[in-house]
Amino acid sequence: MRRGVGLTLLAAALSLVVSSCGSGVIDKSTDGVPPAEATGTLRVLLPSFPPSTTGREEFAKVVADFNKVYPKMKVEPDFATYKNLNEKLSTSIAAGIPYDVMVTGVGWVQPFASKRIFADLGDYGVTPDVIKEKSLGALIPAATYDGKLYAYPLVADARAVALRKSAFREAGLDPDKPPTSLAEIKTAAEKLTKRDADGNITRSGFDLASATGFRQSFTTFLASTGTPLYVGGEPNFNNQQGLDTLLWIKSMINNVQPYGQQNAAQQPLVFSGEAAMGIVNGGIDCSEKGVGQKVCDDLEFFRFDSGKEIEYVGGDLASIGSRSRHKDAAWAFIQELTKPTTLDAIAKLNKKIPAYKDASNSPQAKSNPLSQFVADGLVYAVNENEVPSNWLEMRGNFDIQLTQAVLGQKDPAKVLANLAGQSR
Amino acid sequence: MSTTLERPALESPRTVAPGKDSRTLVKSQVRAGWALLAPALLHSGIFIVIPVIAVLVLSLTDYSFGDTWAWVGFSNYTDLFRDVDFHASLWHTVLYAIVVIPISMAIALAIAIGLNQKIRGLGFFRTAFYIPTVTATVAVATIWLWIYNPGSGLANGFLSLFGFAPNRWLADPATALPSLMVVGIWQGLGTKVIIYLAALQGVSRDLLESAQLDGANRWQRFVNVTWPAIGPVQFFVLITSIVGTFQVFDLVYVMTQGGPGSETRVLVMDIYQNAFQDLKLGYASAETVIMMVVIAVFILVGRLLQKADVND
């Protein structure tokens, strides 16, 4: 009898511990409550503000504006990076305390929308037409799942190609006529590659910016042939164009660039002179704190064009958590995030392009020639397009299996067939 | 002058029967035992038993952090047997364990024997060998990343003195895993050395002196006296090493992220990838169960080898 009582008490204590761990921090819902009366904590996960002093100061301005509408609500930021975004999301869901506002990137929306982790923004009047009108139409496919919009673009992360004029002239090439097709790039890159007496590459002819995986570069090169990676969630790379693209990458690695090459600062190698030509992200600091005006003057920017002129564009996309108990407040916070002044600040912090209608005239675009170039080229935007719902799994699969094909460990045709089969 | 203190007589003699008295004593001892065990049991229950049960249950579901989930029976397990990434991860982990454990144990024992001698600077050497153990793996990995840097790293710089061509240690599929093994061996030495050192200092001096008087040389004394005496410690080091090497993750995560391709992808890395990057928690749980079974098999083999050694 006494043993039974003891066990019951122990079980009750355990239940208390477990239940308090699971749900003790969840607020009461504020949806439908007047903003001035709403209380609670808005949990925000975002990689858009670096956790530096400047990043925190800019975020504090957004919170201050939000608090003018929701004065009694606290905002709890989680300054994630794209590297740990999934861990943060999954562990928050598992812990039963999901974020209210989540900023993710291209390729995240469909998987999370399919799992009903993101809320349909249609409830707040956001439609593809609204995005076309106020934001970047190029990011609509990345924010759409099953015909509904689940994310609002904040900034575009655009990539271009850059060449060093001096290196081109030195190799007898005309920097005013940049190579744009895959075949032209390979020919030029081979001429631009420098080697030491032992044959080791001392300056790469072309930086594929693929030290951590070939997924994005494969997507970019394939798209330049007019072939998007996915169409309507179905694979579109297990074909001749896909194979040719993969074989082209394979022919470049350890020929014009050593596999895995990147510098300590993880900056584009063409900026540092470690490559004569290569993929660059959407901004450059021409001041003496950055690469310097001399280097900037030596750079020429262009886009890939193997039949279609393209610019790879990723971006930051803001969503509302479907399990949020503060959805109205979350939407109000996203509205603060998408104010032009905030978007300009985010763009500056991350060297990205603000996702508003006239991005070419944004302060970030005006601040440096590369940002201006990619902002002007947003009409050529491509990315992974309409990815399947298991894209989060496929991202890793692409990186691993494309690398295996490039390094000659697996047959490229079989790799593409396998990846197509794994896409669901 | 002295005073004799006498035990005062009990006011009323105990009337409890001797048998009942001992039963009461045993009961109170049992209660005290359970009371002392309770915190540890509670801790184990919450942080070991419940998670293990949760993993077993989750491994039979397709849970992926979404709103819905379903029982899938053993399909996660059958899928794992067709999963090439899992096969690669398992193989790399087993290979890592097979190489790292014996080499690190042998080196650690050799160092411990050296440190068990009366040499100058003993304290310095003991500290030096233990430092890698107390240093954060991320710091260790960062230093080794520099050592392995193909352009300006110490490894290539040193080898170039002997005319060797630079190697792309972590970027070359042929050298990436062996490079990690070297770091794993180096990092794990400290703990093993300390344990071996304690064991060596516990070896009976009488037995060693007797063997010496019987004419045994150093090697014979080591094989016939020291080695059997440190047997239980060997087993302890072996078990902790098996568990440690199978759980290797942080080193791989910081240094290679499992690459190039999947050449350094290990089991915990694959579990992490499936659970927190691909959001397949059910699948990752099945993988965890298999990892537990594999570790258990390795420990069993180690135990059998230990028994065989003792019987010899």
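Helix α1 (residues 18–58) of chain B gives the most to a nonpolar surface patch, with 7 residues, where helices (H or I, at least four residues) are DSSP runs numbered from the N terminus. This is a predicted model, in which local features need pLDDT of at least 70, side-chain atom pairs count only at pLDDT 80 or more, and totals for chains, interfaces and linings use all residues. Residues are numbered from 1 along each chain as its sequence is written, chains are lettered from A and ligands numbered from 1 in the order in which they are written, and side-chain values use heavy atoms, with hydrogens and water left out.

**Patch on chain B**
- The nonpolar patch covers about 960 Å², and its members include F47(B), W69(B), W71(B) and M292(B).
- W71(B) lies in the loop between α1 and α2 (75–80) of chain B, and W71(B) is exposed (over 50% relative accessible area), with a value of 57%.

**Domains of chain A**
- Chain A is divided into domain 1 (34–157 + 314–368) and domain 2 (160–313 + 386–422), with bounds that come from an automatic or database domain assignment.
- The centres of these two domains of chain A, taken over C-alpha atoms, are separated by 30 Å.
- Between them, 17 residues of domain 1 of chain A are in contact with 13 residues of domain 2 of chain A, contact meaning heavy atoms within 4.5 Å.

**Helix α14 of chain A**
- Buried residues (under 20% relative accessible area) of helix α14 (residues 340–350) of chain A include L343(A), D344(A) and I346(A).
- Just after α14(A), K351(A) takes a positive phi of about 55°.

Definitions and conventions: Patch = residues over 30% accessible without salt bridge, like charges linked within 9 Å, V, L, I, M, F, W, Y side chains within 5 Å. Areas by Shrake-Rupley, 256 points an atom, 1.4 Å probe, with all protein chains shown as cover. Salt bridge = Lys/Arg side-chain N within 4 Å of Asp/Glu carboxyl O. Helix = DSSP H or I, 4+ residues; strand = E, 2+ residues; numbered from the N terminus. Buried < 20%, exposed > 50% of the residue type's maximum accessible area, 1.4 Å probe, protein only.
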